[in-house]
Amino acid sequence: MALSTAFTKLFGVRHPIALAPMGGSAGGALAAAVSHGGGLGLLGGGYGEREWLARELPVVAASGRPWGVGFLSWAVEIDAVEQVLEYGPRAVMLSFGDPSPFVERIRAAGAALIVQVTDLEETRKAVDLGADVIVAQGTESGGHGARRGRATLPFVPVAVDLAAPVPILAAGGIADGRGVAAALALGAAGALIGTRFQATAESLVDPATAKAIVRGRGQDTERSGVLDIARGSGWAATKYTARTLGHSYLDRWRGREAELAADPEARRAYQADVARGEVPPLPVWAGEGVDLVDDVPSAAGLVAALASQAEDALTRAGRE
């Protein structure tokens, strides 16, 4: 049974699976591997660091397969988007913030516009902007997402109904083929997957981070703004928080975010702890599906395995 959807047809890919464009993880090699595996590899463009993009863009562009790039709408500048468009991506994904300043230029370059949303208000705005694909992100997702959003299971079908006929990709807590099958059953045209792809051979994460993800459990994850405040991250000024594995600063400052934000000495202490190696340089971003991550395979093979598992799950469901 071929999993042909509006998403696979739009991009000419074999499987309804896209790589979440995770900053610090989804470099050129990982995005290219996902595309080679039959999914849509999305480079983690993040803040639009020009030197990083100059290094990673040629890697994914040389794949010869459909690929794209994701940016943070609240942080990226148009120059970085222009830099990416010179390489001819099939898609540009915009997340967390107002995507409208970039839409016209993306369309003029002939790239598809993917907009990630975390609630129904953002979904309506994405439809009004003419997004070609909308990613409906549930709160189970790793990394940044809605402070007070909705879980993937109830959010996706509502977003599907609201956005129709625009294809929806489900995101949040999807880490195996059964999750992909569930997304399709909810009416989505595919799944955007992050945490599972962090623990792959091509990911840019430190081996210690991959090991932590393999060992992690969903109950170990927590959505909070504490680590963004402690790090002095620009995220602290947004409406989005992040889901991570456990961290000593979460235990120390949980429920005291305002106090932490008003205490510059505490933030300096965080940087000192990082410098001494007492806390990792970056939090370990991980979603609630982390329990399903138990190895560090090649990303290309993983895409095929996820698709096969999804096909099996849908076939079994059809028989029962």
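**Helix H14**

I began with helix H14, residues 264–275 of this predicted model. H14 has twelve residues. From first C-alpha to last I get 17 Å, close to the 16 Å expected at 1.5 Å a residue.

Next I asked which residues of H14 are buried. They are Ala266, Tyr270 and Asp273. These residues cover an arc of only 65 degrees around the axis, so they sit on the same side of H14. An α-helix has 3.6 residues a turn, so residues three or four places apart point the same way. I then looked at the other side of H14, where Arg268 and Ala275 are exposed.

What covers the buried residues of H14? The cover includes helix H11 (226–231), helix H12 (248–253) and helix H13 (257–261).

**Helices H3 and H4**

I turned to helix H3 (residues 50–61) and helix H4 (residues 78–85). Their axes come within 11 Å and cross at roughly 10 degrees. Angles under 35 degrees count as roughly parallel, so H3 is roughly parallel to H4.

I listed the residues that meet. H3 brings Arg50, Leu53, Ala54 and Leu57. H4 brings Asp79, Ala80, Gln83 and Val84. By class, this contact has five nonpolar, one polar and two charged residues.

**Thr8**

Last, I looked up Thr8, which lies in helix H1 (residues 6–11). Is Thr8 buried or exposed? Its relative accessibility is 5%, and buried means under 20%, so Thr8 counts as buried. I left aside neighbours within four places in sequence and checked its contacts. Thr8 touches Leu3, Val13, Arg14, His15 and Pro16.

Notes: Residues are numbered from 1 along each chain as its sequence is written. This is a predicted model: local features need pLDDT of at least 70, side-chain atom pairs count only at pLDDT 80 or more; totals for chains, interfaces and linings use all residues. Side-chain values use heavy atoms; hydrogens and water are left out. Helices (H or I, at least four residues) and strands (E, at least two) are DSSP runs, numbered from the N terminus. Buried means under 20% relative accessible area, exposed over 50%, partly exposed in between (1.4 Å probe, protein chains only). Contact means heavy atoms within 4.5 Å. Axes are lines fitted to C-alpha atoms, for helices over the stretch in contact, and angles run from 0 to 180 degrees between N-to-C directions. Angles under 35 degrees count as roughly parallel, over 145 as roughly antiparallel, 65 to 115 as roughly perpendicular and the rest as oblique. Ala, Val, Leu, Ile, Met, Phe, Trp, Tyr, Cys and Pro count as nonpolar, Asp, Glu, Lys and Arg as charged, and the others, Gly among them, as polar. The expected span of a helix is 1.5 Å times one less than its number of residues. The arc is that of the directions from the helix axis to the C-beta atoms.
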